[in-house]
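Trainee: I'd like to learn how to read aromatic contacts in a model. Could you walk me through it?

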Amino acid sequence: MGSAAAVALAAVAGCSVPAPRRTGPTADPAPGVPITSSGHARLMQLLAHPDDDLYFMNPDAELLVAAGVPLVCVYVTAGEHDGRNKVPGRKDVRVDKAAYASARHQGLRQAYARMLGLDAFAPWKKGVATLRGGHRAEVDTLVHRGRRVELVFLNLPMHAPRRPMALPSLWKDRAGTLRTVVSEGSPLTRSSAYGHDQLIDVLVGLFERYRPTVVHTLDPDPDIQHSDDATRRADSEQPGYSDHADHTAVASFSWAALVRWVAERTRAGDGVPAFAATAFRGYYNRHWPKNLPPAVLARKAARLVPYGGDPAWQCGNPGGCGDYNVGGKRPLTNRKGWVRSTHYRYPGTGPVVTEEPDGRLAAHGVLGLRAVRWRESTPGSGRWGPPDDLGGGPLAPALGGAVTPDGRVLLFGLRFAALAGHGGANRREVVLLEQSFPGGPFRAWRGLGNPERGDDRGRRLGVPVAVASPDGTVHLFVRDAGQGLSTRVRDPRGAWSGWRSLGGSPVQDGLSAVVDAAGRVHVYAAGRETVHHWTQEAPGRPVEYSPGRLPLAGDPVAPVALADGGVELYFRRPAGAALNALRTAGGVPPRAPLDGYGPVRAGRGPTGTALLGRDLRGRLALREGARVAVRERGTPALEPAALHVGRRRTVAVGIGADARPWLWAPGAGARG
């Protein structure tokens with residue numbers, strides 16, 4: 001085995017004063033910029049370490065790969081850690097950072113070869129790519145039966161002298177560079193240096209090279225988590241937050257690069273690149289109920305077996321044949337349970353779907369970090385026109401929406417108001433876009449602030465959720481830094497209240513709100529031991545926490561208002577495949593056979609409650625009455641999809657892997 005690569009954090013040569021922060025280009029929230037599509041689907045994942053994708057982004061990534069979507073994985077660190085490729089039961093493991101990095105990279109090749117249906121030791125094409133600024137990276141490529149995977153290794157160090165956590169230091173500090181690790185057996189044999197802006201530029205260059213239509217990142221704003229020091233270290237978490245510090249830093253670099261990519265493209269007159277972004281939770285999975293049923297979990301965990309490998313394998317890689325401490329059944333027996341869940345940082349309910357005055361559907365979502373609107377070409381056609389750019393960026397991936405009694409659409413987003421790093425501001429705010437009249441143009445974006453006082457706590461906000469009462473009052477809710485709820489209310493005259501905490505026990509993001517037949521607002525959120533509920537004593541009264549005992553759910557709850565004033569709730573129990581239902585006003589719970597995983601969407605139609613979710617194979621399934629339809633054709637669907645129960649039809653609407661909308665009306669096929 002080769003010797004460990006040199007790893008150092010060096011001061012900027014010849015410079016005793018930190019270099020100034022780069023000031024541009026920056027995002028422009030103004031609307032009306034053309035949206036440009038690459039014309040093909042491609043998924044790009046940005047990871048801190050080898051294995052982050054397998055632990056946190058599956059099964060979503062594998063579903064897209066199986067559907068033929070090309071995959072590019074960018075690993076920012078080498079994953080060398082302390083240089084010990086630990087073998088369970090052995091203590092004679094020597095330190096070799098170059099070899100350990102190489103072994104983890106080989107584990108990835110083994111895992112993705114199996115994902116493509118090949119032998120774990122299938123040969124890859126290894127090469128070296130020149131990136132922006134003259135940086136170079138190893139790129140490994142495997143193609144099989146039309147499916148393609150590329151692994152890009154930037155190989156920045158996890159640790160450096162005087163900087164135990166190298167990437168977090170590079171994100172926060174204005175001075176300093178990091179020298180890359182050269183992994184054993186790599187075609188890239190020389191180390192290079194990265195600074196803060198250089199890493200962002202390299203990521204922007206990779207976006208420009210590959211033109212992804214789907215981008216997966218880690219969590220830039222993990223939950224606040226106060227554990228004692230021994231527990232925190234055992235859980236590999238950063239002080240005060242429920243994730244690894246490298247995950248947070250790489251996610252921050254990733255989102256900063258996405259903002260810069262959009263800004264560069266628009267400044268050059270090339271339009272907004274059409275892509276959908278999703279951020280995945282990391283060590284958050286340790287602290288909340290698990291949400292993958294056994295069949296889905298088994299497939300996810302199976303990908304970590306070839307990644308972990310075994311020291312007895314003859315894989316042909318000089319540095320080793322996997323990350324040995326992860327092999328076998330260890331992902332399933334690990335007390336941290338990371339593999340047992342897949343959670344989104346910004347869980348939404350899919351595009352905000354509304355009906356235009358002329359009967360056409362309109363779908364509102366986030367594309368290229370900006371709000372967009374698609375409209376049906378004609379009522380009932382299921383065919384979409386080009387996206388209208390509504391601006392507002394850079395926005396988190398999910399929008400909240402409400403429709404006023406007179407038919408005007410309100411869109412709520414979570415905006416990255418500042419994402420500077422490098423000693424700069426890092427701020428989030430809730431923003432509102434309101435339609436002037438039904439079917440008409442939108443007014444200017446309006447900031448609604450943040451219920452938290454400081455930027456650090458303000459970064460922990462969840463996706464805004466809103467409902468409109470029959471009298472025109474608009475209720476806005478967000479999960480706050482304390483993992484409870486905060487609200488603002490707009491009265492029928494248009495005046496907003498200030499932010500108010502609703503308290504309650506800790507809950508997950510993915511709030512659900514509904515107005516019952518009496519006009520009362522209800523909010524539901526899944527907690528650690530039960531589903532929590534907030535409601536009004538009567539219409540017009542404040543929304544308050546409603547103590548009670550509802551069953552525990554592993555994902556967001558889908559509520560449906562009934563004509564008798566009650567509410568039906570649909571949910572899956574932790575690690576359960578069966579869909580459960582109950583009525584809050586009593587009565588016989590409805591039967592809801594729709595086995596699968598993940599959250600469901602629910603709506604009330606002429607034949608009863610319609611339900612939309614994923615089956616155990618990851619396909620979209622729609623239940624209406626006694627009939628269940630499965631979407632087996634059309635563009636691969638991204639999560640989440642929206643359910644729209646309209647006056648004339650019930651449809652599912654979502655964004656595909658090609659960053660274009662699709663509409664599925666069971667019995668009429670899929671469009672898009």
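Trainee: How many aromatic pairs does the count come to by the rule?

Mentor: This is a predicted model, so to speak of local features we need pLDDT of at least 70, side-chain atom pairs count only at pLDDT 80 or more, and totals for chains, interfaces and linings use all residues. Residues are numbered from 1 along each chain as its sequence is written, and side-chain values use heavy atoms, with hydrogens and water left out. Rings of Phe, Tyr and Trp (its six-membered ring) pair if their centres lie within 6.5 Å; planes under 30 degrees apart are stacked, over 60 edge-to-face, the rest tilted. That gives 17 aromatic pairs.

Trainee: How is the pair W255 and Y346 arranged?

Mentor: A ring pair is described by the distance of the centres and the angle of the planes. For W255 and Y346, the centres are 6.3 Å apart and the planes at 70°, so the pair is edge-to-face. W255 is in helix α7 (residues 245-267), while Y346 is in the loop between α10 and β13 (352-355), 91 residues apart. Helices (H or I, at least four residues) and strands (E, at least two) are DSSP runs, numbered from the N terminus. Both W255 and Y346 are buried, meaning under 20% relative accessible area (1.4 Å probe, protein chains only).

Trainee: And which pair is stacked?

Mentor: W261 and F275 are, at 5.4 Å centre to centre with 25° between the planes. W261 is buried, with a relative accessible area of 1%, and F275 counts as buried at 1% too.

Trainee: Which residues form an aromatic cluster?

Mentor: Y55, F56, Y283 and W338 form one.

Technical notes:
Buried < 20%, exposed > 50% of the residue type's maximum accessible area, 1.4 Å probe, protein only.
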